[in-house]
Number of protein chains: 2
Amino acid sequence: MEKAATYDFIAEPFRCDLNGELMYSTLGNYMLNAADYHSAERGFGWKALKAENKAWVLSRLAIEMQNMPQPYEHFHITTWMEKTLRAFTYRHWAITGENNRLCGYATSVWAMIDLTTRQPADIFKIGDGKIRDYADENRGVPIDRASHVKIDKENLELLRETDIAYSDIDINNHVNSIKYIEHVMNVCPEISRRSKQIRRLEVAYATESHMTDRLRFYGKEEGERFCCVVMRVADGVEQEAVRCNISYKL
Amino acid sequence: MEKAATYDFIAEPFRCDLNGELMYSTLGNYMLNAADYHSAERGFGWKALKAENKAWVLSRLAIEMQNMPQPYEHFHITTWMEKTLRAFTYRHWAITGENNRLCGYATSVWAMIDLTTRQPADIFKIGDGKIRDYADENRGVPIDRASHVKIDKENLELLRETDIAYSDIDINNHVNSIKYIEHVMNVCPEISRRSKQIRRLEVAYATESHMTDRLRFYGKEEGERFCCVVMRVADGVEQEAVRCNISYKL
């Protein structure tokens with residue numbers, strides 16, 4: 001089986017935003033679907049891991065788009081792993097539109113957790129470590145790697161506080177990785193101004209959030225970017241859940 | 001061209017809820033996509049209407065599910081119009097899973113609006129009224145029609161109030177029909193209790209809501225159902241946007 005795989009999608013108009021462009025969160029969902037199809041076909045998808053009481057969790061993600069798919073555009077997501085270590089897997093995506101128009105790239109780091117302890121698990125223990133056969137160490141991605149997203153927490157402003165709701169939680173019983181992106185986009189000032197294009201989105205996931213927690217979004221705009229720290233509040237204690245940078249310029 | 005059409009989908013695990021079932025809102029999105037594909041292939045989809053400064057708007061919707069698609073299940077949505085009048089179109093859906101397992105049915109009423117005046121437009125004026133050729137007057141749907149959703153507004157409780165955010169708005173520049181369902185599910189008490197299955201969802205759309213409005217969710221549980229009225233607040237004035245009934249029993 002090939003190391004990389006390509007999946008086809010359509011930018012459904014009702015999943016496009018008021019500017020007529022596919023939303024980053026919708027694109028993120030498609031990317032996660034492509035990653036799961038790719039893993040499932042190679043024996044280490046969500047279902048195979050679930051049977052061993054494990055799950056993939058997204059640790060870091062960066063998406064850089066030159067062109068967003070337009071309404072009804074048939075687009076393609078190619079995904080592959082560059083490298084797999086015991087604790088982390090490095091997965092990339094290339095997104096192309098009709099007539100091979102380059103839309104953008106994305107890159108990520110994944111960990112595996114034990115579903116009972118919620119602690120990191122050894123990736124090589126799944127399926128006799130066959131996952132290593134699918135790593136393509138010569139195939140990187142032409143954008144900056146997904147960083148830890150360093151944010152100076154001075155002068156951040158509390159922009160929104162909200163209860164976590166049913167629709168935020170996914171089958172892994174925690175707030176869905178992509179739902180955080182949807183929430184952060186909702187508090188990003190540039191999204192309302194609509195004067196500039198979002199060029200790069202970078203997210204670092206620190207802690208899981210659960211149904212009974214609350215989320216606080218602290219953010220500030222600095223030049224051509226918006227920084228946001230999402231804190232989960234459980235039993236009155238604040239803990240960092242997600243850090244996110246949205247750049248309007250590369 | 002056939003009057004009905006069938007489209008294939010997959011219940012992606014990360015679009016499933018904490019119970020491992022496809023969310024009603026995700027299913028609703030797929031149904032709307034199927035409706036739009038069906039319309040587009042017959043010359044009256046979103047794009048064709050947009051060129052004439054018109055758009056379809058959902059007026060009433062009912063979904064009745066016996067079995068929700070399970071994670072990774074390949075499922076099929078068949079859609080057709082039973083009847084088309086000048087002001088309204090009656091569209092149905094049948095949802096089946098693998099091995100022809102019946103999942104459920106849905107039914108709806110659509111109006112067409114002029115995008116400038118936001119007022120109702122004459123459906124027969126689109127494409128010389130060819131839409132009538134695709135109505136299948138002998139093919140109904142074996143569930144109760146989508147009603148106007150009558151709700152006794154006495155004793156409703158204010159359950160949530162929220163600003164409308166970027167992710168609520170779709171390409172038609174109003175709150176997306178399915179996003180209301182996501183919000184109503186989030187305030188439905190049974191969703192948190194998780195003791196009963198949602199069997200029927202019924203929604204009536206009264207007024208469009210826009211980016212600068214707020215939404216207030218008033219609801220109450222009455223026996224085996226949850227009733228919710230969504231009010232849009234614009235310039236301090238409350239106006240009914242949506243009425244919704246969620247039944248736990250048929």
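Analyst: A:N100 is exposed, with a relative accessible area of 67%; exposed means over 50%, buried under 20%, and partly exposed in between, using a 1.4 Å probe and protein chains only. A:N100 sits in the loop between β4 (89-96) and β5 of chain A, where helices (H or I, at least four residues) and strands (E, at least two) are DSSP runs numbered from the N terminus. What is the phi of A:N100 like? Positive, about 60°, although A:N100 is not a glycine. Most residues other than glycine have a negative phi.

Before going further, keep in mind that this is a predicted model, in which local features need pLDDT of at least 70, side-chain atom pairs count only at pLDDT 80 or more, and totals for chains, interfaces and linings use all residues. Residues are numbered from 1 along each chain as its sequence is written, chains are lettered from A and ligands numbered from 1 in the order in which they are written, and side-chain values use heavy atoms, with hydrogens and water left out. Chain A averages a pLDDT of 95, and 100% of its residues score at least 70; pLDDT is the predictor's confidence in each residue, from 0 to 100. For the complex, the predictor gives an ipTM of 0.92 and a pTM of 0.94.

Over in chain B, B:N53 also has a positive phi, near 60°, and is a residue other than glycine. You'll find B:N53 in the loop between α2 (46-51) and β2 (54-65) of chain B. B:N53 counts as partly exposed, at 30% relative accessibility.

Now for the charged pairs. There are 46 salt bridges over all chains, each one a side-chain nitrogen of Lys or Arg within 4 Å of a carboxyl oxygen of Asp or Glu. One of them joins A:K153 and A:E240, at 2.3 Å from N to O. These two are 87 residues apart: A:K153 lies in the loop between β5 (102-114) and β6 (157-163), and A:E240 in strand β10 (residues 237-247). A:K153 is partly exposed at 43%, whereas A:E240 is buried at 16%. Another pair is A:E222 with A:K220, whose closest N and O atoms are 3.5 Å apart. Here A:E222 is partly exposed at 30% and A:K220 is buried at 14%.

Next, the nonpolar side of things. The largest nonpolar core has 138 residues, and A:I246 and B:I246 touch the most other members. Such a core is a set of buried Ala, Val, Leu, Ile, Met, Phe, Trp, Tyr and Cys residues joined through side-chain atoms within 4.5 Å. Leaving aside neighbours within four places in sequence, A:I246 is in contact (heavy atoms within 4.5 Å) with residues including A:V184, A:L201 and A:F226.

Finally, how do the two chains relate? Chain A can be laid on chain B with an RMSD of 0.0 Å by a turn of 180° and a shift of 0.0 Å along the axis, so the two copies are related as by a two-fold rotation axis. The superposition is by least squares on the C-alpha atoms of residues with pLDDT of at least 70 in both copies. In chain A, the C-alpha nearest the axis belongs to A:T162, 4.7 Å from it. Both copies use the same surface, as 100% of the contact residues of chain A recur in chain B.
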